[in-house]
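Thanks for coming. I will go through a few points on this structure, one region at a time.

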Amino acid sequence: MDNRDFIESYLSELKRIAAVVSVADIDAAIGLLFEAWRNDSQVFTCGNGGSASTATHFACDLAKTTIVPGKKRLRAECLNDNIPLMLALVNDEGFENLYYEQLQSKFRPGDVLICISVHGGAGADRAGLWSQNLLKAMRYAREKGGKTIGLSGFDGGPMKELADVCIVVPACSTPQVESFHLALEHLICSCLKHRIEEG
């Protein structure tokens with residue numbers, strides 16, 4: 001396969017995903033975030049690996065892109081941005097408690113937690129099961145009266161059943177899933193700004 005064939009195949013897969021991803025789930029996620037804005041609730045994002053950078057980008061866009069002059073602002077924070085705190089927690093409490101420990105001092109009823117994971121907590125590698133720290137954080141958020149949004153891929157994994165809303169990118173390729181997660185966060189923030197302008 002030459003470069004052109006590879007490029008066309010990659011872009012064709014993105015088109016396929018865009019045609020079948022659940023519009024209803026995207027709409028439901030926007031609805032939860034709009035309620036968070038209306039109720040002055042906090043939104044937290046988190047992820048591991050490449051999804052951590054998407055979580056950072058998502059929090060940035062939630063805080064900045066959704067600004068409407070003259071209206072209150074959405075409060076958003078990414079839990080994987082404070083590197084010294086993260087390393088201290090991993091060192092002392094273990095990787096599985098990385099986000100759970102932070103939420104204990106930050107999360108309040110009505111807040112929203114967004115977790116981003118390519119496999120949604122399914123699968124494993126040398127270090128064990130993937131993304132268990134995200135699933136533990138989601139369980140805590142729900143126990144404390146909050147809402148959870150998942151961005152996943154493949155078949156959704158356990159996150160699909162755990163989250164209040166889970167947008168599953170129906171693809172079996174990590175680069176494709178991560179690429180589309182970024183498109184989704186841009187879509188969500190753009191639509192959310194429109195809702196805030198109207199609401």
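This is a predicted model: local features need pLDDT of at least 70, side-chain atom pairs count only at pLDDT 80 or more; totals for chains, interfaces and linings use all residues.

Is Gln 176 buried or exposed? Its relative accessible area is 4%, and the cut-off for buried is under 20%, so Gln 176 counts as buried.

What does Gln 176 touch? Leaving aside residues up to four places away in sequence, Gln 176 is in contact with Tyr 10, Glu 13, Leu 14, Ile 17 and Ala 171.

Next, helix 1. It runs over residues 3-20, which is 18 residues. At the start of helix 1, a side-chain oxygen of Asp 2 comes to within 3.3 Å of the backbone nitrogen of Arg 4.

Last, a helix pair. Packed helices are described by the angle and the distance between their axes. For helix 5, residues 98-106, and helix 6, residues 132-143, the axes come within 7 Å and cross at roughly 25°. Angles under 35 degrees count as roughly parallel, so helix 5 is roughly parallel to helix 6. Helix 5 contributes Leu 98, Tyr 99, Tyr 100, Leu 103 and Gln 104 to the contact, and helix 6 contributes Asn 133, Leu 134, Lys 136, Ala 137 and Tyr 140. By class, that contact has 7 nonpolar, 2 polar and 1 charged residues.

Terms used
Residues are numbered from 1 along each chain as its sequence is written. Side-chain values use heavy atoms; hydrogens and water are left out. Helices (H or I, at least four residues) and strands (E, at least two) are DSSP runs, numbered from the N terminus. The expected span of a helix is 1.5 Å times one less than its number of residues. A polar contact is a pair of N or O atoms within 3.5 Å; within protein, one must be able to donate a hydrogen and the other to accept it, and residues adjacent in sequence count only if both atoms are side-chain atoms. Axes are lines fitted to C-alpha atoms, for helices over the stretch in contact, and angles run from 0 to 180 degrees between N-to-C directions. Angles under 35 degrees count as roughly parallel, over 145 as roughly antiparallel, 65 to 115 as roughly perpendicular and the rest as oblique. Contact means heavy atoms within 4.5 Å. Ala, Val, Leu, Ile, Met, Phe, Trp, Tyr, Cys and Pro count as nonpolar, Asp, Glu, Lys and Arg as charged, and the others, Gly among them, as polar. Buried means under 20% relative accessible area, exposed over 50%, partly exposed in between (1.4 Å probe, protein chains only).
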